[in-house]
Protein chains: 2
Amino acid sequence: MTNKDMGFQLTILGSSSATPAHGRHPSSQVLRCNNDYFLIDCGEGTQMQLHRYGIKRTLINHIFISHLHGDHFYGLIGLISSFNLLKRSSPLHIYAAADLEKMIQVQLELTDCKLVFELHFHTILMEHAIIFESKELQIETIPLSHRIACLGFVVREKLGERKINKTQTDRYQIPVTALAAIKKGEDYTNTKGTVIANSLLTTDPNPVKSFAYISDTLFLPEIVPHIQGVDLLYHEATFGNDRIQRAFETFHSTAEQAATIAKNASVKQLIIGHFSAKYSSDDLPILLAEAKAVFENTNLAEEGLLIEI
Amino acid sequence: MTNKDMGFQLTILGSSSATPAHGRHPSSQVLRCNNDYFLIDCGEGTQMQLHRYGIKRTLINHIFISHLHGDHFYGLIGLISSFNLLKRSSPLHIYAAADLEKMIQVQLELTDCKLVFELHFHTILMEHAIIFESKELQIETIPLSHRIACLGFVVREKLGERKINKTQTDRYQIPVTALAAIKKGEDYTNTKGTVIANSLLTTDPNPVKSFAYISDTLFLPEIVPHIQGVDLLYHEATFGNDRIQRAFETFHSTAEQAATIAKNASVKQLIIGHFSAKYSSDDLPILLAEAKAVFENTNLAEEGLLIEI
């Protein structure tokens, strides 16, 4: 397994909705994509949870906040303050609704906190858009249906280069200088004018990996095309079937509804979380069973859980 | 031991300075005074720490914030939000510098959070003043010397009523209707005009209990008269003797300086906390030893520690 392959992992930091309960923390997850660490939501205590699960705070350069309910961002100001105390030097990028910047700035000002690093706020809107792009991956937003503006995020690796089949390139006496173009998918034409098809010289690149984070939302079948076939889907499941009406009233989903989305989108694996304080640890297997009845490959978003994608 | 006697206890919720480190949380303590629970400082994660140590959040009606550095109040907005979600009905009183209200209000507004309970902010100033008074106790502020305005708090029980000596009141045939005045310290005059001295009929009330919380401060001998003889002194000890210059530069105290204050104020017991991230758990016994060399009855403010006063 190469270093690149090792690096697509999700760690659950918080799984509680609204208020911490039964020892569960508010929403937060870290997605490691090779050498990048993306923090998705940042409920109160996220920086302590990062420490607990052995993830260095300073590795995080990008933070995505799904919506401005406190259980999804109250840990942000503490994390920013800690970055400052630790004399962070690299820029920090935050992707969130515009009002978050106002809340952070007023706290920095009134606590007399002058940042020693660059803090960039990127406003994200209630639309389907690509909000982040690097050489290796891109991140898109999906509008959800919650009581306030709320977005899901889909992280997709980009297709890498084709892999050279060395036996074949030796056989066809391909010069080293031609390999870069062949990796990109081009055919090779030798000095005699013979065209050697790329498919003879290469094999397919590594399969791309993908992850979707569906934050607080009413059951929303419209999202299915946007998350079709992802390797891992996190979908909120605040309630069980016993509180389906409550889910509807509060713009949340049930475990069964999360699983229905997973099934219809043919995802490979589902993680459910954001559990209501109504459910103790002993109740969560009931929610899991309700989801599994629809989509077998489901797991609970237990804190500290690390999922290899 | 009566129920009243059982109730003067301090629980340490957080002992880390500036940033959470080595599993330690930012500053917070709960003082139980009989049926009242006073939260003193409220760093990030305080509501989870309350849960961890078995203190019901809803018992807290009064919160005191020593100063507006984030490690002393970033947990407040989450606690307020949770109170709201739990449909708190009793008023909540917060005693802090005026800017805290601005920071809380902007977050409540921009997260569309309409409180279902009364939230009262009481502005406290850089002066020595009584800021809280009930039938049973009073709380005073002490100005400290930190980089920003910072206050200490002294909690003192009021002297209770004198205790009736039943053998003596029977002997002198004191009517039940006279006992209330006697408990207050009055002498009794019988029908024959004979005065029976109160000291013959009563014994002293329970001794009053007292606690002083000395938050972030430079070594400040001026506070000694204000905390003279308290039963328990919490004094910050951010650094050890190895970093005495750093303590001076950052307006903090060393463990030895905290102990010097305890000794000069003839307090009964000292707790030191607010440890710098420079010190791992393995280093804290060194700070403790430095304090004990000056004031023997010292303990570390370990999280979860419950001290009976």
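Student: What is the area buried between chain B and chain A?
Tutor: About 2,700 Å². Carbon and sulfur atoms give 62% of that area. Keep in mind that this is a predicted model.

Student: How many residues are in contact?
Tutor: 32 residues of chain B touch 32 residues of chain A.

Student: And how many salt bridges are there across that interface?
Tutor: The rule finds 0 between chain B and chain A.

Student: Do the copies meet through the same surface or different ones?
Tutor: The same surface, because 100% of the interface residues of chain B are also interface residues in chain A.

Student: Switching to aromatics. How many pairs over all chains?
Tutor: The count is 20. Take A:Phe153 and A:Tyr213: their ring centres are 6.4 Å apart and their planes are at 25°.

Student: Stacked or edge-to-face?
Tutor: Stacked, because 25° is under the 30 degrees cut-off.

Student: Where do the two residues lie?
Tutor: A:Phe153 is in strand S9 (residues 151-157) of chain A, and A:Tyr213 is in strand S14 (residues 210-214) of chain A. They are 60 residues apart in sequence, so the pair ties those parts together.

Student: Is A:Phe153 buried or exposed?
Tutor: Buried, at 1% relative accessibility. A:Tyr213 is buried too, with a relative accessible area of 1%.

Student: What about B:Phe64 and B:Phe132, stacked or edge-to-face?
Tutor: Edge-to-face, because the planes are at 90°. The ring centres are 6.4 Å apart. B:Phe64 sits in strand S4 (residues 60-64) of chain B and B:Phe132 in strand S7 (residues 129-133) of chain B. That links parts of the chain 68 residues apart. Both B:Phe64 and B:Phe132 are buried.

Student: Back in chain A, which residues form one aromatic cluster with A:Phe153?
Tutor: A:Phe38, A:Phe64, A:Tyr95, A:Phe132, A:Tyr213 and A:Tyr234.

Student: Last topic, charges over rings. What sits over A:Tyr279?
Tutor: The charged end of A:Arg243, 5.1 Å from the ring centre.

Student: And over the face of B:Phe83?
Tutor: B:Arg88, at 4.4 Å from the ring centre.

Notes. Residues are numbered from 1 along each chain as its sequence is written. Chains are lettered from A and ligands numbered from 1 in the order in which they are written. This is a predicted model: local features need pLDDT of at least 70, side-chain atom pairs count only at pLDDT 80 or more; totals for chains, interfaces and linings use all residues. Side-chain values use heavy atoms; hydrogens and water are left out. Rings of Phe, Tyr and Trp (its six-membered ring) pair if their centres lie within 6.5 Å; planes under 30 degrees apart count as stacked, over 60 as edge-to-face and the rest as tilted. Helices (H or I, at least four residues) and strands (E, at least two) are DSSP runs, numbered from the N terminus. Buried means under 20% relative accessible area, exposed over 50%, partly exposed in between (1.4 Å probe, protein chains only). A charge sits over a ring if NZ of Lys or CZ of Arg is within 6 Å of the ring centre and within 35 degrees of the ring normal. Contact means heavy atoms within 4.5 Å. Buried area is the accessible area (1.4 Å probe) that two parts lose on being put together, summed over both. A salt bridge is a side-chain nitrogen of Lys or Arg within 4 Å of a carboxyl oxygen of Asp or Glu.
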